[in-house]
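Hi,

Here is the structure I promised to pass on. Have a look at it first, and then read my notes below.

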Amino acid sequence: MHKSTQEDSRIHNSRLVLSTIYNRGETSRAEVARLTGLTRTTVSEIVGRFIEESLVTETGVSPSRGGKPAILLQVNDDARHLIGIDLANSEFRGAVVNLRGRVIRRLYLPVDELDGQAAVALVYSLIEQLMAHVERPILGIGIGTPGLMDPQKGIVRQAVNLDWHELPLGDLLRQRFNLPIYIANDSQAAALGEFTFANPGRHNNLVIIKVGRGTSAGIVLDGKLFHGDNSGAGEIGHVKVVEAGAACRCGNTGCLETVVSSRALLRQAREIARQDPDWMLNRLAPAPEMFTTETLLLAYASGDPRVIEMVAQAGRHLAVAVAYLASTLNINHIVIAGSLSRFGEGLVQPVREQVQKGTLASLARQTEITVSSLGGDIVILGAASLLLSNELGLNLTGTGPQQ
Ligand SMILES: [Zn+2]
């Protein structure tokens with residue numbers, strides 16, 4: 001064998017062994033050999049190296065079934081720390097997490113309308129503050145950013161809210177922190193986060209629809225993030241769903257985002273509040289301009305019928321996108337995430353009902369629409385997942401809910 005080929009197969013085998021131990025949770029050398037098809041000797045050599053690097057630990061002995069009891073192996077979840085960053089909200093969110101996605105330290109910095117270079121400086125500041133809480137060797141930094149990305153080059157092609165155009169964010173961060181940097185679009189990162197850390201059914205295919213300030217989807221096919229031809233897979237927010245609808249920030253009218261996003265709901269709520277000064281929402285904030293998603297959640301929780309109907313209407317519009325995605329891809333597991341997912345069944349039940357009316361009965365029956373359990377951490381965890389797969393070569397199959 002050529003030296004490079006030998007080296008390639010050594011790396012391939014190492015990654016295979018580590019992935020198997022990580023995905024099994026707890027296993028033995030013999031089981032790893034059986035699952036990977038590698039010889040016992042090769043597995044023992046590789047495991048030995050991982051134990052030296054403290055990535056893998058021996059945790060005990062399996063109950064004997066007649067033969068020699070097997071020593072159990074686990075990935076040492078705290079052997080490395082990772083930094084995950086989410087730039088897709090009105091605050092920049094970041095966390096230090098361990099190899100299993102457990103959050104060690106969480107930090108949010110308000111964006112306060114900063115954009116351009118000032119927003120880049122805020123990203124630096126967030127990472128520097130998080131670095132102070134990294135207590136183990138660091139694997140790298142993963143980023144989920146809004147807008148269109150070139151994930152290979154780490155360039156943000158366009159992020160309208162942050163006024164970033166052709167921003168070489170990957171290179172800037174690599175120069176500043178001298179660490180491995182991986183960047184994905186926020187919805188695509190969310191799909192990875194859900195797939196890796198909240199996928200107890202170990203589904204190989206899933207769609208995440210992230211509904212927050214904007215609306216977009218992330219798609220996992222056969223256990224891999226699907227990027228599309230120009231890395232824009234899942235950009236459903238600017239598909240027209242309302243004829244003669246409201247103006248959208250993209251320049252068109254009636255886009256999905258104009259009816260399904262936190263901005264859309266806030267715009268409607270402000271209109272109602274101005275027309276009806278006695279409406280309860282006027283008591284929750286000094287002025288309609290100061291309503292936030294929190295205001296709507298409070299009103300929703302107290303049973304305000306107009307907010308309940310606004311959320312349901314958003315769900316019925318969202319159902320159009322869900323029906324197309326479910327029908328086109330025949331993916332049974334659709335997960336709703338983002339700030340509007342906090343309305344829970346109030347948003348999701350109308351989606352289900354409308355999908356049932358709008359697609360083939362058998363398809364609708366198989367389609368399961370749920371709310372993500374990862375809450376506000378979903379993009380951070382997806383960014384961490386980028387590091388696990390790229391830096392450790394983990395072939396992730398979903399590891400169930402985290403403790
Ligand atoms: Zn639009």
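Let's start with S62: leaving aside its neighbours within four places in sequence, S62 touches P69, A70 and L72 (contact means heavy atoms within 4.5 Å). You'll find S62 in the loop between strand 2 (56-61) and strand 3 (71-75); strands are DSSP runs of E with at least two residues, helices are runs of H or I with at least four, and both are numbered from the N terminus. S62 counts as buried because its relative accessibility is 18% (buried is under 20% relative accessible area, exposed over 50%, partly exposed in between, with a 1.4 Å probe and protein chains only).

Before you go on: this is a predicted model, where local features need pLDDT of at least 70 and side-chain atom pairs count only at pLDDT 80 or more, while totals for chains, interfaces and linings use all residues. Residues are numbered from 1 along each chain as its sequence is written, and side-chain values use heavy atoms, with hydrogens and water left out.

Now the zinc ion. Its protein donors are H238 (ND1), C248 (SG), C250 (SG) and C255 (SG), 2.0 to 2.3 Å away (donors are N, O and S atoms within 2.8 Å of the metal, or 3.2 Å for Na, K and Ca; water is not among the atoms, so sites may look incomplete). Along the sequence, the donor residues are spaced H-x9-C-x1-C-x4-C. Buried or partly exposed: which is C255? C255 is buried, at 1% relative accessible area, whereas C250 is partly exposed at 38%.

Cheers
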